[in-house]
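Trainee: Could you give me a close look at one part of this model, and then show me the wider setting? I would like one connected account.

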Amino acid sequence: MRTDPVTLKVLENHAQAVAESMAYTLFRTAHSTFVKETEDFTTGLVAPSGMTFASPRDLGATWFIGLDYKGAIDLIDSYEEGDICVTNDPYSGFVCSHTPDMHIWKPIFWDGEIIAFAVGHIHNTDMGGAVPASLSRANTEVHQEGIRFAPTKLVSRGVLNQQLVDTMMLNVRMPDQNRGDLNAQIAAVNTGEAKMHAMIRKFGVETVKNGIEDLLDVAEARARAVISDLPDGDFRFVDYLDEDGPNGVPVRLELNLKIRGDGIVMDFTGSDPQLKSALNMPTGGNPRHILLMVGFNYCLYTLDPSIPLNGGILRSATCIVPEGTVLNPQHPAAVGMRSLTCGRLQGVIMGAFHAAAPDRLPVGAAGGGGIVNVKTFDARSGKLSMASIDPVTGGAGGSALGDGADGSGANTAFLKNTPVEINEIEVPIKFRRYGLVPDSGGAGKARGGMATELEVEVFTPDTVVTARNRDRSVFAAWGGAGGMPGAPSLFTRLTPDGKRIDLGNTDVVPLSPGDVFNLTSGGGAGFGDPFERPVELVVRDVLRGSVTPAAARAHYGVVVDIDGVLDTATTQALRAAHVAPQVETYSYNASRRAFEAIWTDANYAALTEALSMMPVHWRHFVKRSVFERIAALPEAERHGDGSEIRAAVEAIKASVPGLASSMDMLEAAE
Amino acid sequence: MSYRVGVDIGGTFADFCAFDETIGTMGTVKVLTTPDRPGQEVIDGLKALEDRFGIKPADISYFTHGTTVGINAIIMRKGIRLAMFTTENFCDVLELARLKMPDPYHLLSSRPEPLVTRDLVFGVSERILADGSVDTPLDPESLKAAVDAARARGAEGIVISFLHSYRNPAHELEAKRLISEIAPELHVFCSHQVRPIIREYERTSTAVIHGYVQPRVSQYLSALQDALGGLGVAPEPMITKSNGGVMSVEVGKSACVEMLLSGTAAGVMGAAFVARAAGEDKVLSLDIGGTSADVAIITGGQPGYGMNETVGDFPIYVPTVSVTSIGEGGGSIARIDTAGLLTVGPDSAGSTPGPAAYGRGGTNATITDAFVSLGLLDLSTLGYGMVSVDRNKAVAVIEPLAHKLGSTLEATAEGIIGIAVSGMFREVTKLCSRRGIDVQEFSLLAFGGGGPMMACFLARDLGMKRVIVPQSPGVLSALGGLTADVRNDFTETAYYDLDAANTPRMRETIDRLIEKARHWMVEEQHYHGTPVFHAAGEMRYRGQSFEIEVPIDPAAVAAGDVSPITEAFHAEHRRLYGHADTDAPIQIIAINFVVTGHSVKPTLSKSDPEPRDVAPEKTIHAHVDGARREVALYRRSELTPGARFGSPCVIAQDDTTTIVPTGFTGTVDSHGNLILTLTETAHAH
């Protein structure tokens with residue numbers, strides 16, 4: 001280390017003060033409600049190499065700790081004092097990961113040398129494109145997701161590029177908000193520059209330069225110390241998104257987590273091909289791309305909350321993401337909804353880490369509720385009313401350290417809701433119910449966190465409800481060590497004449513007057529054999545309405561009435577007769593077991609292999625075609641050893657001449 | 001003889017400040033708190049005042065008191081067993097809160113268990129809509145069932161919090177009436193009566209905190225009244241409030257939620273009083289105790305106010321003097337982390353066992369120990385002779401850290417101070433960015449037992465030019481109570497556009513609030529002077545979700561003219577956020593109303609003699625700013641107005657020690673405040 005341990009801590013505090021001042025400056029001066037409400041923005045300081053060494057802890061998005069700016073920084077030929085650069089193109093440098101995110105960076109010079117960059121992003125409410133807010137699962141190309149700017153100088157030696165700003169504003173739906181938010185970003189990086197200069201004056205430029213490298217090195221060393229405490233081994237985990245597009249088939253996300261000494265390799269080979277929907281995650285194959293590392297950061301931080309959260313911790317890991325897959329798509333795949341995929345991928349990483357540290361990390365978190373928007377009209381005046389209502393999140397998974405948090409938690413812990421009273425005064429709708437759902441948390445020695453349920457009545461024609469990031473109505477949160485999976489999520493329309501319509505993962509729903517929609521998230525999964533849960537905790541759960549007496553009896557072997565009166569004798573008898581389940585690392589819900597009975601590991605591996613040989617633009621089509629053929633296959637012809645997949649692929653090749661000739665071209669090129 | 005006596009009870013000490021109205025001087029004492037016998041410390045302190053200054057209870061003409069009984073009940077979870085009734089199908093308001101977890105990076109983070117657990121929450125069939133209309137009438141049968149269930153589960157009290165009760169309280173009132181018939185033994189609290197704000201979680205949380213502590217606090221206040229009466233203290237005690245005001249003890253018995261954060265608020269009021277007297281327009285107050293370090297912004301002699309504060313683990317929405325925590329105080333523990341770096345806090349040795357140097361069982365190295373080991377604090381006994389300082393004990397806990405770092409004792413101790421100060425630097429810098437202020441335009445006013453110890457170091461780091469240390473920094477909260485006005489806040493949710501068409505509604509609201517405020521002042525508070533009214537609106541551009549408070553001129557509202565309010569809002573928005581949208585419609589979310597009854601303020605004696613250099617009592621040797629130096633030691637009592645001195649120096653007094661590193665010059669102003677001016681900006685790091 002170049003810096004003494006006392007000075008380094010002081011430098012860390014001063015660098016954090018700069019990053020946090022940037023965040024508060026941005027937050028204070030931003031225009032859009034979206035920024036203030038969702039805090040979907042970041043600020044930070046990065047080393048000349050692009051690695052983040054300081055970012056705020058109590059304000060802003062939690063995902064981008066350690067985002068690597070190198071890709072974007074390198075696309076600018078040369079920097080001069082007073083320059084400010086921006087990009088929102090997911091395919092130029094792979095810093096931005098969907099078009100609404102406008103990233104900004106400003107070089108901080110001292111004596112003609114770049115000491116650091118002040119950086120950050122804001123999620124703009126709209127960047128133009130096919131749909132308002134620029135994001136839709138149904139988009140198939142990035143061109144539909146709004147105007148894009150490759151890395152470029154917004155300000156050159158202090159002079160604003162007005163033409164660039166005008167072009168941006170011409171193409172977006174709410175230019176005033178974008179303009180105001182862009183100004184807030186400029187104010188933030190200027191604050192960062194001024195305060196870094198003050199820091200350099202105070203400590204000297206060599207001390208600061210050395211301190212930056214040391215802060216990254218210390219974080220790496222701390223991360224490696226955490227990893228060293230984990231057992232060596234390969235930990236493989238798979239989970240799915242319910243659908244690869246509207247009315248689609250599942251998306252497989254696969255991870256082989258290889259822990260070796262103080263380092264980690266995360267191999268995502270086996271994950272789905274790139275999709276003809278907006279669920280792709282643009283990583284450019286960067287072995288430490290932040291979208292691949294969010295779950296890693298959460299796990300390491302949970303294992304040791306005192307580690308510094310900066311880019312240094314990422315150096316302890318390397319990812320493998322084959323090109324042309326959902327985790328490393330090629331241009332022009334749409335990427336707007338990468339947050340849904342990224343959220344599930346966090347769960348996949350948590351799943352693999354759970355096997356490495358089952359006594360310290362939780363099982364599956366709920367996920368899948370969605371973020372609800374309502375567009376409706378005032379019944380009397382006819383006035384349009386549109387608002388984001390609430391994120392509907394479910395609970396965290398249980399762990400050896402206790403129950404999962406109810407209603408939200410784990411990797412959705414950063415989301416905030418809107419009060420019912422505010423929603424009802426802003427939008428002419430009536431909430432019928434908002435609360436936790438009994439029995440939705442997976443049973444376990446440690447119970448999974450409960451689901452949240454939202455039920456709303458609407459009153460006018462042409463009402464549209466959108467539920468962004470809907471998922472988990474098929475595959476539920478996974479349990480562990482005998483704990484049960486969480487409940488799946490539900491989206492239901494109740495009509496005035498008493499019909500219940502299951503909406504599944506539909507994310508845009510038109511409603512009629514008197515209709516009611518109920519959105520129920522999934523529940524968190526349980527950990528450990530529920531029959532080992534202390535009786536008094538089960539009684540407490542029943543008294544608190546978290547578990548019904550029927551479920552207490554069926555899942556926990558505890559006979560207790562609604563008032564908490566315990567039938568001790570029957571309870572003892574039930575528990576004595578209980579045969580402990582065979583303890584496995586993971587437990588899955590029935591839908592997943594049924595799916596995997598057909599789509600065995602061998603079958604999916606055969607599909608992955610076949611698709612990896614095909615030109616990228618054919619892959620999603622072939623995947624869907626194979627799924628159709630396998631679905632139509634008689635039971636007797638299913639072997640689960642990959643043979644039926646290979647046969648289906650051959651049949652498709654034979655029936656689609658274009659595919660075969662395209663493959664020939666690919667082969668010739670190689 | 002006539003004395004005004006202020007008492008503030010803190011974690012370790014109860015502070016007493018007696019102001020002699022005849023000659024304008026102050027006497028102060030501290031006694032240890034008696035947590036198992038609340039109230040005893042008041043009797044102890046009054047005895048000490050009599051012993052030390054000859055102040056007899058019968059000579060006391062005005063008595064203010066700040067208590068921690070309420071906040072302790074919450075932190076230690078020793079309130080009453082409380083049930084809660086909500087609108088049916090909305091029972092999880094406390095469980096869900098606002099969803100966000102305390103530590104969103106931590107996969108196991110969870111919200112603290114609510115003060116009312118879900119087994120004591122019961123839904124009642126009723127529903128009022130956003131416009132105040134009744135959708136479902138209150139069903140008496142469902143209410144009765146809820147009462148039976150609450151009783152069966154041992155509830156001692158019930159909080160009623162129904163949706164939209166801020167708009168139409170009829171169902172809450174009806175429920176309260178029915179409960180008093182069915183179960184007269186239960187305490188009952190309506191959310192709209194505690195604080196009628198929109199946002200169900202915030203209103204409910206505030207009401208629950210209130211109900212949880214009210215019976216305990218009320219009991220305590222009655223016992224205090226008896227004790228004071230027994231001693232012959234004639235005036236009715238005034239209780240300090242979180243809003244920086246006071247109220248009579250009788251009013252306090254039913255307004256417990258308003259006094260929970262009074263300790264920190266009274267300190268800031270004391271600081272504001274000193275700032276006004278010293279003619280300081282921009283002041284950052286720094287209050288450091290054994291377990292906390294807080295700052296507040298005081299401009300034009302007035303503190304800022306906020307609504308969203310935290311008590312224990314829970315948010316509370318009552319107007320409160322804005323205070324920001326910047327650290328854990330003098331008891332913060334220094335350690336070496338697994339990467340070999342020195343860290344300070346967040347855990348604290350608190351007041352028990354406290355720093356190792358205090359010899360009360362502390363075994364960890366704290367910030368205070370760092371100062372002691374450098375030779376800067378073992379100069380006198382602290383806390384009126386109740387604490388003695390042992391340098392050997394401090395050295396013994398710092399040395400192992402120095403050994404691990406491969407460094408010297410002195411460098412390690414200075415490192416601990418430097419890291420603690422850099423942590424405070426970080427928090428203050430953040431606060432200034434949040435408020436959009438330039439800290440270098442401010443003076444730092446230090447108080448609390450540890451404020452004067454660290455203030456110069458922090459000021460130097462922040463580039464602040466001036467540090468002010470008042471006469472009795474250790475008992476400023478007690479003084480703050482004495483300087484506080486009688487004050488109360490009222491609010492009504494509005495939630496409509498700010499335009500001429502709505503002025504009749506605004507006017508009705510203002511009239512109602514004036515009537516309530518007048519009634520409170522005259523009928524409840526028995527105030528005889530002329531109260532001052534101040535109306536303000538919580539406003540925002542339509543579509544925003546955060547409000548800013550802007551004064552409302554009732555005359556303009558009466559005239560049907562909202563333009564002065566509109567302009568004031570745009571101006572305030574521009575001042576706070578750097579931009580305004582003059583075409584956008586403005587919403588008024590709530591109308592707030594403050595009523596103030598002026599209290600007689602102490603008038604401090606003042607003298608302006610010619611400046612003169614003073615000689616230290618002695619010169620000591622201590623380690624400061626990287627070297628062993630000769631350090632002047634002064635007694636605070638010798639530093640009277642006009643005194644002038646250099647640095648480095650240490651100034652000892654009963655309630656604190658002021659440490660002045662190199663680069664400062666000191667003077668004493670006409671009120672006896674130390675004014676420490678930074679003359680050299682460069683310093684070693």
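Mentor: Happy to! Two residues are in contact if their C-beta atoms, placed from the backbone, lie within 7 Å. Not counting residues up to four places away in sequence, Val265(A) touches Lys258(A), Thr318(A) and Ile320(A). The model is predicted, with local features needing pLDDT of at least 70 and side-chain atom pairs counting only at pLDDT 80 or more, while totals for chains, interfaces and linings use all residues. Residues are numbered from 1 along each chain as its sequence is written, and chains are lettered from A and ligands numbered from 1 in the order in which they are written.

Val265(A) sits in strand S10 of chain A, which covers residues 263–267 (strands are DSSP runs of E, at least two residues, and helices runs of H or I, at least four, numbered from the N terminus). From Val265(A) to Glu193(A) is 72 residues in sequence and 36 Å in space, C-alpha to C-alpha.

Now for the wider setting, in chain B. Chain B contains 17 helices and 34 strands. Its C-alpha atoms fill a box of roughly 80 × 55 × 55 Å along the principal axes. Of the 685 residues in chain B, 55% are buried. Among contacts in chain B with a separation of 6 or more, 67% join residues 24 or more positions apart. Chain B is divided into domain 1 (1–65), domain 2 (75–216) and domain 3 (486–597), with bounds from an automatic or database domain assignment. The C-alpha centres of domain 1 and domain 2 of chain B are 40 Å apart.

Methods:
Buried ≥ 20, exposed ≤ 12 C-beta atoms within 10 Å, placed from the backbone.
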